[in-house]
Amino acid sequence: MSSRKSLIKIKPKSYKDGEIVKVSFMVMHPMETGMRKDKKTKEVIPAKYINSVKFDYNGKVITTMNVWESLSTNPVFTTYMKVNGEGKLSVTFSDSTGEVHEKSIKIKPKG
Amino acid sequence: MQRRDFFKQLGAVAAVAAISPAISFADEAKKLSGPNDLSYKAAVDAITGGKGAEESSKVNLKVPEIAENGAVVPVTVEVESPMTDSDYVKSIHILATKNANTRCIDVHLTPSNGKAMFATRIKLGGTQDVATVVALSDGTFLTATQNVKVTIGGCG
Amino acid sequence: MKGTIKIVLSLTLLWSLSFASEQFSMSDADREMYAEMLEDNPADIMVGNGSELLEEYCGGDAGLAEFLNVSEDELPAYIAGFPRYLKDFKQVVALDQVLQALMSKNGHKPFALKSSDMFDMGAYAKSIANGEKIQIDVDANKHIKESYELGKLTFEQKRGSRGLSCLSCHSSQVIGSVLRTQPLPDLSAKGNAPAATWPAYRMTKSSLRTLQRRFQGCMNNALLAVIPLGSPEMVGLEVYLTQEAKGFEIAIPGLKR
């Protein structure tokens, strides 16, 4: 599991059970295409891009993604989810070099 | 593997993925990754299993007309859908028609998303059409396209 | 007279600058779409990292407040008044220089002004003042007055092989003219007040940058010798543009093209 820096944001910050909220996952990742050359060394920078992402909410898979190198550096993934009780939202991704990363936050509906 | 076989296989996998987004996550990703040089038409065929997709006003594709920077182009796709167990958007695919690999991302949704929306930021190699293909739970496919002019904006 | 100045300036800048009617620019809808991206700003991750760094090396918000001789409640408004003349430093300093001194006092080797760790930590420190209005006081003492004058001079001084100054592209006469699809920004509080929104995520660089670092990029592009971060001229420029943006609400991190 990598120590890559990432962030999950839920909007609005305060929400009720049953509410549909916006979920964003952001991560510092180079998303290298393998087609760029290093300006100084002239060598090709090897490809390294996220190729799959998964959103889990209390053990249930909500959304999965197949990702290619066209996503921007430090990518952002935004979708919605229906709040369904207290628990944990986990985002897992793997990249083309086999790196795996997981980030979780607590889901705590108010009322 | 022959190129055509690869497309066939890709189509099959996409169809399976659309039925059950919860199938083995890593395997699915591995199979779909493949060589990164799918043309736009081949990619649409792969996603729709050759059926093609119909243009629809139910699909709202938001991209800038003029991108101030090709490295970070915002893309938002919203689809009109009740997102119930019997009627929902199964997947949203984003394609950059003229990038070396047209496929940017496949997003497999479930009724638990509550709303059929996905937003991200993509790299565009130059001025081109950005397209989205949307798979519905009834087995049909919708699409929307918009041109994005990529400029080198501002100073530095 | 104004018309003459405009013609002369436009001739000077003809190599790259053309006026709005001559070149397409982004639509309001496009601009709105870019503005919406602020909601999911990758720099939020960097600011989060900066918060951890401040905790580890400077004792967090409390440590910074103590070092600046203010209470934690007073800290946001106090930060909104930077750059300041500080007696202990015997000079006008920007926030990043304060953080360097505090790291050193706590027995740590200070981060270089140009390091990403310093950018992260500095961005977090400035974000403590989010929601406050910029309240720099350039009349507070003779030191900050001098710094402001030096900054103004640096802003207006024509340099480099093209004979350009910051003013060449940011005077009231050319603001709004379109340079490669982008309108030349008004740097004052009436415009987009960059002093209130840097540090920011720079999309073309995929990284967090500071105001002074942006000045360097600008100088580099205009073929001016680049002034070092933290130098009196650089701090002066920050003072000058912060004064221009006075009264504008601080919102860190920003998100820039």
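Trainee: Which residues form one aromatic cluster?

Mentor: Phe25(A), Phe77(A) and Phe93(A) do. Rings of Phe, Tyr and Trp (its six-membered ring) pair if their centres lie within 6.5 Å; planes under 30 degrees apart count as stacked, over 60 as edge-to-face and the rest as tilted. This is a predicted model, where local features need pLDDT of at least 70, side-chain atom pairs count only at pLDDT 80 or more, and totals for chains, interfaces and linings use all residues. Residues are numbered from 1 along each chain as its sequence is written, chains are lettered from A and ligands numbered from 1 in the order in which they are written, and side-chain values use heavy atoms, with hydrogens and water left out.

Trainee: Why is the pair of Tyr148(C) and Tyr240(C) called tilted?

Mentor: Their planes stand at 45°, with the centres 5.4 Å apart, so the pair is tilted.

Trainee: What makes Tyr240(C) buried?

Mentor: Buried means under 20% relative accessible area, exposed over 50%, partly exposed in between (1.4 Å probe, protein chains only). Tyr240(C) has 8%, so Tyr240(C) is buried. Tyr148(C), at 16%, counts as buried too.

Trainee: And why is the pair of Tyr78(C) and Phe82(C) edge-to-face?

Mentor: The planes are 80° apart and the centres 5.8 Å, so this aromatic pair is edge-to-face by the over 60 rule. Phe82(C) is buried at 7%, as is Tyr78(C) at 18%.

Trainee: How do you know that Glu39(C) forms a salt bridge with Lys22(A)?

Mentor: A salt bridge needs a side-chain nitrogen of Lys or Arg within 4 Å of a carboxyl oxygen of Asp or Glu. Here the closest N and O atoms are 3.6 Å apart, so the pair qualifies. Chain C and chain A have four salt bridges between them.
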